[in-house]
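Here's a quick tour of the pockets and the disulfides. Have a look at the model first, then read on.

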Amino acid sequence: MKTRLRLTIAGLIATGLASFSAPTHAQPANSFECRSDDDVNFTVALARNGAVSDPIVVWTSDAFSNAGYTPERRCQAVTGRLNTLLDDNGNSLDGLYLTVGRVNGQSVVCSVASTRGGCNSDNVLFTLSGSNSRNPERVLYGLASRSTGTSIQESGGVPYVDLEELVNASF
């Protein structure tokens with residue numbers, strides 16, 4: 001009886017240990033890429049293990065086309081800015097945030113290194129148009145809501161999205 005009880009307990013412990021594993025995390029983004037599918041352009045992240053994220057930004061607005069910034073061109077330009085941002089931060093998105101602000105009188109989405117930073121001409125990722133420019137916070141909430149696990153932080157009424165969380169939740 002004692003032997004059977006010990007074997008049962010040992011079996012439960014072994015089963016529990018075998019099924020326990022550290023949580024898996026998405027591989028960090030190694031780069032960003034602009035892709036197209038049925039004439040819809042979108043930016044994705046590429047992980048070091050070759051995985052491709054869901055679209056992070058979908059480029060559909062023609063609002064800037066008259067100025068030469070078609071959705072395809074915007075996708076390529078912003079994807080390049082994200083890759084530069086990644087490179088400049090030691091090939092890591094750790095400690096980077098997206099926020100919104102105004103630069104040259106236009107609503108923009110920019111990248112900052114803290115939840116106290118603001119937008120300026122050096123950190124703009126893209127300019128918003130139409131209803132998005134009138135309510136830029138909605139753009140950030142929309143980006144965060146598409147991927148589970150991405151939180152919005154507010155500092156002084158300004159929203160911030162952790163870029164690493166956003167990208168990792170997109171895989």
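Predicted model: local features only at pLDDT ≥ 70, side-chain atom pairs only at ≥ 80, totals over all residues.

## The second largest pocket

The lining of the second largest pocket splits into ten nonpolar, three polar and two charged residues. Residues are numbered from 1 along each chain as its sequence is written, and side-chain values use heavy atoms, with hydrogens and water left out.

Of the 15 lining residues, Tyr69, Arg81, Val124, Phe126 and Thr127 sit nearest the centre of this pocket. H2, strand E5 (106-112) and E6 each give two or more residues to its lining. Helices (H or I, at least four residues) and strands (E, at least two) are DSSP runs, numbered from the N terminus. The space inside comes to about 290 Å³.

A pocket here is an open set of points on a 1 Å grid over the protein atoms alone, where a 1.4 Å probe fits, with protein on both sides within 12 Å along at least five of seven lines; lining residues have an atom within 4 Å of a point. Volume is the space filled by probe spheres set on the points, which are joined across faces, edges and corners.

## The largest pocket

The largest pocket has a volume of about 330 Å³. It has 17 lining residues, and Val57, Val58, Phe126, Asn132 and Val139 are the closest to its centre. Its lining comes out as eight nonpolar, six polar and three charged residues.

Which elements supply at least two residues each to this lining? They are strand E3 (57-59), strand E6 (124-127) and helix H4 (136-146), with H4 giving the most, at five residues.

## The disulfides

There are two disulfides (cysteine sulfur pairs within 2.5 Å), and the bonded cysteines pair 1-2, 3-4 in sequence order. Cys34 and Cys75 have their sulfur atoms 2.1 Å apart. This pair ties together distant parts of the chain, 41 residues apart: Cys34 in strand E1 (residues 29-37) and Cys75 in helix H2 (residues 71-88). The link is right-handed, with 130° about the S-S bond.

Cys34 has 23% relative accessibility, so it counts as partly exposed, whereas Cys75, at 0%, counts as buried. Buried means under 20% relative accessible area, exposed over 50%, and partly exposed in between (1.4 Å probe, protein chains only).

In the other disulfide, the sulfur atoms of Cys110 and Cys119 are 2.0 Å apart. Its S-S torsion is about -80°, so this disulfide is left-handed. Both Cys110 and Cys119 are buried.

Methods
Nonpolar A, V, L, I, M, F, W, Y, C, P; charged D, E, K, R; others polar.
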